[in-house]
Amino acid sequence: MVSAQELLHTHREVLLDWLSVNPTPLLRWLADAGVLTAEQYRAVLERSPTNKVANVLEQVCTSEQNSRGFLQVLQQVQGYYCTQLQEWIHQHCTETPPEPPSEPQPNPPGGKKKTKSLLSKLFPKGKSQEFTLPKKDEVPLNAHKNTLLRQTERLMSYSEGEGQDSSSHSHIDIRYTELFVTEDDEEVTHSQHEYFTFASRRSPIYPHQTCRLIQPCDLLNPESQTGCSPKRVKVKGIAGIGKSVAMQRLLYEWALGKHLQNFSCVFDLRFRELNLIDGPISLHELLASRFLYLQDILLDLFKQAKSLLFILDGLDEFRHHLDWDSKDRDITVESKIPVPELLVALVGGNLLPDCSVILTTRPSTDAPKRFFPRCCVVLGFQEKHVEEYTMKFYKDPLVAKKVFSYIARNDNLFALSFIPVYCYIICSALAEFFSTDHKSEEESLDLNPPRTVSEVYYCYLYTTIKHHALKDKAETNSRPQILAVVKEQLMNLGRMAYENLLRNRILFDREDLEKFGLDPRGIRSTFLSQILVSVKEEKVEMFAFFHLTIQEYLAALFCVVSFYSLTEILTGLDYWCFGELQPPAESPPLTLNPLPAGNDLERPRVENLQMFTRFFSGLLRARLARLLEGMVENSLVGDDGGLLSQLGDWFRSQFKNRNLPNQMTLNLLHCLMELHLQEITSRAAPEIRKLNLFKMKLSVVDCAAVHYVLQFSKHLLKELNLGYSNIGNKGFSRLGPILHRCESLYIRYNCLGTDAAILESTVLKSEDCQVKKLFMCGNKLGPEGARVLWEALEHNNTVEEVYLDITGITESGTENLVQCLSKNTALKNLTVVGNDLGEVGWERLRDLGQVRPDLRIIGHFVDDLGLLESYLGWVKEMRADHDQMESVKNADALQSVLKGLWLSEGTGENAVKAKELETKILQLLENSELSALRAK
């Protein structure tokens, strides 16, 4: 009998020819079957197609077991390959000489005994038959899968810090990193910049949310309660969060035969490409033109609509209006209708109702929730995935470790890195700073890697220009010379970015490029190919910046370089930050044509410019530091020290004279941090006497911006309200150095733990402490946190009111309560409702009341009518505010309030209000995921 090793050795050359055309299915299935180790699989992906197969054959032929495993996998994936290979398998399954049987076997009825080949012994009939030999429709379907594999096996790369990426580190099986996808049960109007919408969703990732973690391949899995698979799924997330890459991974896994195998065919349609279709078209015509190799079997596929999946990617990029409220019509796959109407019919189930649809979109362009049994939101990477992505990004693991360590130590970069496209930009920008070409880490760090968002984008753009605009010449030229060479192109690109940013436009045709002095024919041969992405069909080609923030950054660069005086800068800031044109200005700064919606910007449009204003601030600092030499020829008028003080006066005036909404306040703080100039910030900070960021959902970067600005003020901060901002222990620690100056400190429901209580205790012990009111309700401080706070209050002489409702204080958390607070003479009010203190704890509280009769202690909800009324208002707020409800769920607050109400009895009006509060909470629970609590 011919062994598997001998068979592979004998037919090596023909196998090499047949398999090298498309090695992807074979390699992946070999890895999943354990024939290749993970290290071998990763290494082989970096080779050319022919070398991949040759290397694998060399490795598997080292043992009979691996050779047999190779042949088994080869039979499983034969449908991806040519008919010659399939015939080869069939031939050797029937003609290979049999192995002598150990025992005589009876002949089959009516004929001679049938001999068995090596392969037929390896693969008994009925096993490993996921792919059958081609029948009527399998040849075009296999062609479809092969096409999808070629389109999806590599992740798009723009700049790797060393020119075009020639390594296979962009292979999807190497670089793809899992995303955090969770179910989304909110209906929110998104008017602000999408990054800040993301931040408001990103900051409160609670333990109860991680239980709803969904893998992209599980989007269509059955519901746990009904057992039914959703036919329509909506996946939303901001630009660059990974929606399209997740869909690319889905297509790749389906085409490989790994996931979603209950679907016979998957159609991927991108809204960018659908923009290019003019006039009515039928679904049949659309798919026939998009998938030429499926033309002959589409009608057969439509008859089995239940086995079809449509992936509609990028609704936010569709230029046509979708009328979701249009009346249903009788529509078939042959009905010629406008593309928007066709898409609504497909999503709404009026067309092919049995098919499945996954729709992706940004929050700013949503589709009605009523069409989608399952709605999901992509929240980017988790912390472990940031490290995983960084390690995958670089070939050199030493460089990868250095880069991740730097990212993890920098709050600005670490918070951004949860967004995959930002992580890509950061890794690209940092590549050269931590290259192993440098002799030591100290020498590398002397290069001053970027710290702020603006600096990251500056390094990314400069690296792109250096390696793609001048190629080999770049290393011998200075920065001003390099920037001078590309100034005209960058300014033209920046003007196009700016003019269209004000118009909310992200797609451009050839005429748009020519209008701004850009030659579409030269895009691919210049560094612009690393910035503009081409969306090409047969007759029309469109362009877009590969990410919205690149457009915003280049727009800001254009403005910074174009301004020549402080007056122009201040006019621009007034317009971009507040939507106001100050006389004598009659049109928006630097615009050539009037805006379609008028020159005044309404608040939603202003909020969409917030990332742009931060980039502008950071680039203004770069210009003042002479980092834009080569692009700017003249200094700013007034650039003699007076400019900085006048800029500081502008910021001070905004804090002093405007009633700023919370989001605008936060944006100004970020602008000051991006400017990073003490002379400016020290003039503005003293005017901030109260800072109210209630329910703003702050990231660590936001906390860093608050700290950066307030550190330059020595005045007392009358109030710092961060209630329901979910800053967590890390965000709270960034605020640590300024907390002692906050007279009233509101940090309710902020995902704080014992570490936060320990930090606050050091604040209360400080000789400089000016805190009078401390609100820490709804944080899981625990018994240890309570004990350190009592200890800190023992000798504190400023704090008059402390509110520790629902903070997880138990009996052990009261051990030093009487000892410490009996010595305190300043504290007047102490509230500890909603905590399970136990009998001994309640006894200690009563003892404290006897020792300190002047101290008003509220331990039960029924003790205080005002407290009951405030909690009734609290329940009312939660009905209208989904995010507040999420914060409350995280603290188990509703359970705690109910338990507190049931364990105490009031009298008179207090008892009536307590019963009303209980009823309202139970009603709220009936309409929430916590309805099971009623049984408790």
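Cys 742 is buried, at a relative accessible area of 0% (buried is under 20%, exposed over 50%, partly exposed in between, with a 1.4 Å probe and protein chains only). Its sulfur sits 9.6 Å from the closest cysteine sulfur, that of Cys 769, which is too far for a bond. This is a predicted model, so local features need pLDDT of at least 70 and side-chain atom pairs pLDDT 80 or more, while totals for chains, interfaces and linings use all residues. Residues are numbered from 1 along each chain as its sequence is written, and side-chain values use heavy atoms, leaving out hydrogens and water.

Cys 427 is in none either: the nearest cysteine sulfur, in Cys 423, lies 4.5 Å away. Cys 427 also counts as buried, because its relative accessibility is 0%.

Zooming out, the protein chain has 42 helices and 16 strands (DSSP runs numbered from the N terminus: H or I of at least four residues for helices, E of at least two for strands). Of its 936 residues, 58% are buried.

Strand β9, residues 541-545, is mostly covered, with 5 of its 5 residues buried. Glu 541, Phe 543 and Phe 545 point one way from β9, while Met 542 and Ala 544 point the other way. In a regular strand, side chains alternate between the two faces of the sheet. Strand β7 (residues 508-509) pairs with β9 in the antiparallel sense over 2 bridges (pairing takes at least two DSSP bridges between the strands). Here Asp 509 has Met 542 of β9 as its bridge partner.

Key: Disulfide = S-S within 2.5 Å.
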